Amino acid sequence: MKIFRFFELAYLAIMCFFLYQAYEEWGKEDSRSILYLCFAGVAVFMYFFKRNFRKRFDANNKDS
């Protein structure tokens with residue numbers, strides 16, 4: 001489904017946003033920049049998780 005693909009790309013956009021925020025905050029407040037990097041890591045994990053889920057979902061729909 002196309003909506004699943006959209007959410008995959010949204011996670012990549014969220015990752016880019018958090019990486020930018022971490023870059024901007026790096027010299028100011030280190031704990032906040034590390035938090036942004038953790039959020040970016042979670043967004044990357046969610047991207048691959050959703051992609052794997054979508055591929056399995058598509059494969060199951062082709063079989064039926």
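The following legends describe close-up views of a predicted model.

**Figure 1. Overall view of the chain, which has 2 helices and 0 strands.** The radius of gyration is 15 Å, well over the 11 Å that the globule rule gives for 64 residues, so the chain is more spread out than a compact globule. Along the principal axes, the C-alpha atoms fill a box of roughly 55 × 15 × 10 Å. Of the 64 residues, 19% are buried.

**Figure 2. Helix α1, residues 2-25.** With 24 residues at 1.5 Å each, helix α1 should span 34 Å, and the 35 Å between its end C-alpha atoms agrees with this. The buried residues of α1 are E8, M15, F18, Q21, A22 and E25. L12 also lies in helix α1, but L12 is partly exposed, at a relative accessible area of 27%. The C-alpha atoms of L12 and M46 are 9.1 Å apart in space, although 34 residues separate L12 and M46 in sequence.

**Figure 3. The salt-bridge network of R5, E8, R54 and D58.** The count of salt bridges comes to 3. Side chains of opposite charge can pair when their charged atoms come close. R5 and E8 meet at 3.0 Å, N to O; both residues lie in helix α1, 3 residues apart, about one turn of the helix. E8 also forms a salt bridge with R54, with 2.5 Å between the closest N and O atoms. Because E8 lies in helix α1 and R54 in helix α2, this pair ties together parts that are 46 residues apart in sequence. R54 in turn meets D58 at 3.6 Å, N to O. D58 and R54 are separated by about one helical turn, being 4 residues apart in helix α2.

**Figure 4. Exposure of the residues in the salt-bridge network.** E8 has 0% relative accessibility and counts as buried. R54 is buried as well, with a relative accessible area of 14%; the cut-off for buried is under 20%. R5 is partly exposed at 37%, and D58 counts as partly exposed at 22%.

Figure 5. One of the pairs, F4 with F53, is edge-to-face, with 6.2 Å centre to centre and 90 degrees between the planes. This pair links distant parts of the chain, since F4 is in helix α1 and F53 in helix α2, 49 residues apart. F4 counts as partly exposed at 26% relative accessibility, as does F53 at 38%. Y47 and F48 form another edge-to-face pair, at 5.0 Å centre to centre and 70 degrees between the planes. Y47 is buried, with a relative accessible area of 11%, whereas F48 is partly exposed at 43%. Elsewhere, ring pairs link F17, F18, Y36 and F39 into a cluster. Among these residues, F18 is one of the buried residues of α1.

**Figure 6. A nonpolar patch on the surface, formed by L19, W26, I34 and L37.** Together, the four residues have about 380 Å² of accessible area. I34 is found in helix α2, residues 30-63. With a relative accessible area of 47%, I34 is partly exposed.

Methods
Residues numbered from 1 in each chain as written. Predicted model: local features only at pLDDT ≥ 70, side-chain atom pairs only at ≥ 80, totals over all residues. Heavy atoms only, no water. Patch = residues over 30% accessible without salt bridge, like charges linked within 9 Å, V, L, I, M, F, W, Y side chains within 5 Å. Areas by Shrake-Rupley, 256 points an atom, 1.4 Å probe, with all protein chains shown as cover. Salt bridge = Lys/Arg side-chain N within 4 Å of Asp/Glu carboxyl O. Buried < 20%, exposed > 50% of the residue type's maximum accessible area, 1.4 Å probe, protein only. Expected span 1.5 Å × (residues − 1). Phe/Tyr/Trp six-rings, centres within 6.5 Å; stacked < 30°, edge-to-face > 60°. Rg over C-alpha atoms; globule rule 2.2 N^0.38 Å.
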